[in-house]
Amino acid sequence: MNLTLEANLRRQGRRVTNQRRLILEVVRSTDSHPTADGVFRQVRRRLPRLSLGTVYRNLKLLAERGLIRELDSRAFGRYDGNTTRHDHFTCQRCGRIFDLKIEAARPLWRRAAARRGFVVLDHRIDFYGLCGSCANHRGRAKGGDRERQERRRPG
Ligand SMILES: [Zn+2]
Ligand SMILES: [Zn+2]
């Protein structure tokens with residue numbers, strides 16, 4: 001192998017590692033559960049030549065290695081830098097995903113599964129609804145307060 005080729009390969013290797021490290025950093029630095037596109041926009045500020053395809057590939061790889069988590073079901077395509085056990089609440093209006101820690105759910109699942117002879121090693125519970133600010137906003141938009149007052153009036 002000639003020296004230039006070797007140097008080029010080494011440089012390429014460094015670039016790949018650098019990209020992957022930055023992508024991991026971005027996902028871990030937030031609890032917003034970003035999409036590949038969101039990660040791409042952030043990493044591109046520091047690596048302008050980065051492509052969206054590279055971000056997709058690296059996110060998949062990092063998830064396969066257990067360094068980040070890809071959310072499933074309705075939040076499919078969103079990534080979580082927090083790999084410790086926790087559940088999620090997804091706001092159906094603004095799309096934000098919040099972390100929840102509900103320890104009570106664990107014994108419930110174990111009990112339910114034990115009846116069928118299953119051994120539960122992990123579980124996920126996903127909640128869906130409106131986040132605090134969306135719920136408030138909806139109440140105001142509908143004139144919820146006025147409605148309640150009118151209902152309270154006698155006669
Ligand atoms: Zn919301
Ligand atoms: Zn999470």
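**Helix 2 against helix 3.** I looked up how helix 2 and helix 3 pack in this predicted model: their axes lie 9 Å apart at an angle of about 115°. Helices here are DSSP runs (H or I, at least four residues) and strands are E runs of at least two, numbered from the N terminus. I took axes as lines fitted to C-alpha atoms, for helices over the stretch in contact, with angles from 0 to 180 degrees between N-to-C directions. Helix 2 crosses helix 3 in the right-handed sense, that is, with the near helix turned clockwise from the far one by less than a right angle. Helix 2 brings Ala36, Asp37, Val39, Phe40 and Val43 to the contact, and helix 3 brings Leu52, Val55, Tyr56 and Leu59. Contact requires C-beta atoms, placed from the backbone, within 7 Å. I sorted these residues into 8 nonpolar, no polar and 1 charged; Ala, Val, Leu, Ile, Met, Phe, Trp, Tyr, Cys and Pro count as nonpolar, Asp, Glu, Lys and Arg as charged, and the others, Gly among them, as polar.

**Ground rules.** I number residues from 1 along each chain as its sequence is written, with chains lettered from A and ligands numbered from 1 in the order in which they are written. Local features need pLDDT of at least 70 and side-chain atom pairs count only at pLDDT 80 or more, while totals for chains, interfaces and linings use all residues.

**Helix 1.** I checked the axes of helix 1 and helix 2, which come within 10 Å and cross at roughly 115°. Leu22, Ile23, Val26 and Val27 of helix 1 meet Val39, Gln42 and Val43 of helix 2. That contact holds 6 nonpolar, 1 polar and no charged residues. In helix 1, I found Gln19, Leu22, Ile23, Val26 and Val27 buried (20 or more other C-beta atoms within 10 Å; exposed is 12 or fewer, partly exposed in between). Their cover includes helix 2 (36–44), helix 3 (52–64) and strand 2 (79–80).

**Cysteine 91.** I placed cysteine 91 in strand 3 (residues 87–91). Cysteine 91 is partly exposed because it has 18 C-beta neighbours inside 10 Å. Leaving out residues up to four places away in sequence, cysteine 91 touches Arg96, Leu130, Cys131 and Cys134. The C-alpha atoms of cysteine 91 and cysteine 131 are 5.3 Å apart, with 40 residues separating the two along the chain.

**Strand 3 and strand 4.** I found strand 3 paired with strand 4 (residues 97–100) in the antiparallel sense over 4 bridges; pairing needs at least two DSSP bridges. Histidine 88 stands opposite aspartate 99 of strand 4. The two strands form a hairpin with 5 residues between them, and glycine 95 in the turn has a positive phi of about 80°.

Conventions. Contact = placed C-beta atoms within 7 Å.
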